[in-house]
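Below are some notes for a colleague who is seeing this entry for the first time.

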Amino acid sequence: MTEMIENKHVVGSRQLADVVVVGAGLSGIYQLYRLLKDGLNVVAFEAASGVGGVWFWNSYPGARVDSHFPHYQYWFSKALWDDADWSERFPAQPEIARYFNHVVDKFDLRRHIHFETRVVSAVFDEASGLWTVRTNKGHEVQARFVVFNTGGLSEPKVPEIAGRDNFAGQTFHTSRWPSAGVDLAGKRVGVVGTAATGIQLIQAIAPVVGHLTVFQRTPNYAIAIQNPKLTEADLDAMRSSFDELHAQVHSSRGGLYYPGDTPPMFDDLPAEERERHLEAIWTEGNLRLWAHSFADTGINPAAAACVSAFVRSKIRARIKDPLLAAKLVPEDYYFGTRRVPLENGFYELFARDNVALVDLREEPFQTMDAAGVNTTKRHHDLDVIIYATGFDAGVGALGQIDIRGNAKRSLKDAWEESLRTTVGMQVHGFPNLFMTMAPFAPAAAICNVPVCIDQQCDWIADTINFVRRKGHQSIQPSAATEEAWMAHHREVSEPTLLAQNKNSWYRRIAADGTRRELIAYMGGIPRYRQVCDAMRDSDYEGFELT
Ligand code: NA7
């Protein structure tokens with residue numbers, strides 16, 4: 001049965017919304033807030049039973065944010081900062097999930113969201129200039145604008161291993177963790193994946209499980225986290241520095257503010273000075289070594305090699321067994337050219353009697369059977385397999401929805417042919433469709449997300465308001481504007497060392513398994529915002545308005 005959404009806007013016999021917002025995660029919540037504040041009639045859909053997006057789904061043991069306090073929170077409301085009550089420098093998932101629920105209740109957003117409702121299609125009609133959005137629950141909404149706040153890391157990836165379905169034990173993906181939890185006590189557990197998620201999970205469950213087999217393909221350069229409890233004085237300082245920090249993070253490259261300079265690694269810098277700088281940053285126990293250490297570590301191979309050697313020595317010092325160290329210490333790529341995880345006792349875990357490391361580069365997966373998994377060398381008996389194997393980044397969630405723009409062309413097909421966006425927020429051929437955290441914007445990757453989506457949600461709302469105020473029916477970037485943005489993206493992003501490491505989710509993996517475009521825009525937030533602002537301030541020169 002089709003349920004028409006109750007709505008105050010009535011055109012003929014049709015009921016309309018101004019905007020459909022898809023997703024009630026980090027960006028969907030703010031998008032909804034902002035559009036409602038602007039007086040628009042908004043309908044929101046969310047597949048989960050609650051708000052928070054990744055912080056709803058990723059409730060695996062050990063999940064916590066890697067952006068240090070006080071950066072990972074909304075920036076649109078000082079009142080929210082005043083009642084924020086964080087307990088740790090890197091808060092854990094339950095605390096962040098509570099925060100999102102608080103935000104939604106504080107601003108009375110919940111009643112606008114249809115939960116446990118998946119958008120299955122969004123089809124544009126060129127004659128009326130309206131989108132028809134349908135859900136798995138039979139809703140059908142017609143709206144002039146549709147905003148996909150579906151997240152960049154929301155569609156899980158599971159390895160294709162022959163016979164996977166034969167496994168008789170339990171299997172989980174970290175991003176679909178049961179809300180009731182999983183009893184792992186005493187069980188033989190296998191974890192596949194040792195990146196940001198795998199490391200957090202492994203640390204949390206190693207002391208609980210009977211036996212843990214860690215399947216690692218690529219070792220990472222993890223930084224030892226410093227995660228003290230916060231005091232009232234910390235919270236007071238946070239509240240009183242809101243304006244200053246707001247300005248600082250929005251003019252930072254990646255949405256995290258670190259005081260101090262970033263000298264070039266070699267110019268006039270004596271070796272001892274360099275070492276002192278590295279040590280001082282290391283002891284901070286956050287992502288500064290990656291984001292704000294030396295000016296040239298992201299582009300100069302010699303500088304990157306120097307930081308890489310430093311981190312390797314830190315990791316090696318903690319692993320007694322040289323054979324184990326050879327597996328856990330990365331040697332064949334530079335620090336910072338993949339997502340840098342934070343860890344807390346990860347390297348020491350492998351000395352425990354109940355933990356074993358399997359190096360998949362030495363013994364790749366072969367098959368799975370009822371009792372576990374076969375690598376090329378042996379059988380591993382398991383009761384539970386947990387995939388910490390990441391996501392179909394950037395495009396995955398949108399690919400699950402049948403989105404059709406001009407001439408009923410599918411977005412998925414268009415992107416399979418050639419992945420492209422204009423500033424990561426619009427696509428030529430898809431009028432009045434907007435996205436956050438999509439490819440080729442800082443928000444797609446390499447960004448403290450609350451800062452990046454703050455700007456994106458505002459730009460989208462400003463653009464929708466402009467179209468309405470000027471009495472236009474639709475807006476989309478011209479093909480030339482899109483090409484110019486893509487050319488700029490390639491020019492600033494591809495020469496970086498990060499772009500040269502193909503073994504990372506920052507480079508999209510296409511359906512055929514090949515690594516394709518670098519989805520991370522490497523020009524930094526200020527440069528990106530300048531381009532977006534210029535578009536808005538020129539009344540969208542280079543866009544097609546009907
Ligand atoms: P990531 O960063 O994509 O890491 C996935 C991990 O799973 C990584 O160790 C992968 O090894 C491993 N993996 C993926 N596929 C396979 C197969 N087929 N076989 C063996 N191992 C595999 O995901 P995360 O969830 O850790 O983090 C995602 C982001 O969330 C993170 O960057 C933060 O922004 C938050 P690989 O390195 O590919 O060899």
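1. By class, ten nonpolar, seven polar and three charged residues make up the shell around the ligand. Bear in mind while reading that the model is predicted.

2. The ligand is surrounded by 20 residues. Thr-197, Arg-217, Thr-218, Arg-338 and Trp-505 are the closest of these.

3. In the side chain of Thr-218, an N or O atom is 2.5 Å from an oxygen atom of the ligand. For the side chain of Arg-339, the corresponding distance from an N or O atom to a ligand oxygen is 3.3 Å. Ala-388 takes part through its backbone, where an N or O atom lies 3.2 Å from an oxygen atom of the ligand.

4. How much of the ligand does the protein bury? Taken alone, the ligand exposes 780 Å², and the protein buries 84% of that.

5. Turning to the sheet: three strands form an open sheet in the order S15-S16-S17, and their pairing is antiparallel. Strand S15 (365-369) and strand S17 (379-381) each have a single partner strand and stand at the edges, so one side of each is left without a neighbour in the sheet. From one strand to the next, the twist averages 25 degrees.

6. Strand S16 covers residues 372-375 and is joined to S17 by three bridges, the two running antiparallel. Asn-374 stands opposite His-379, a residue of S17.

Key:
Residues numbered from 1 in each chain as written. Predicted model: local features only at pLDDT ≥ 70, side-chain atom pairs only at ≥ 80, totals over all residues. Heavy atoms only, no water. Near = heavy atom within 4 Å. Polar contact = N/O pair within 3.5 Å; in protein donor to acceptor, adjacent residues only side chain to side chain. Areas by Shrake-Rupley, 256 points an atom, 1.4 Å probe, with all protein chains shown as cover. Nonpolar A, V, L, I, M, F, W, Y, C, P; charged D, E, K, R; others polar. Pairing = 2+ DSSP bridges. Helix = DSSP H or I, 4+ residues; strand = E, 2+ residues; numbered from the N terminus. Axes fitted to C-alpha atoms, helices over the stretch in contact; angles between N-to-C directions.
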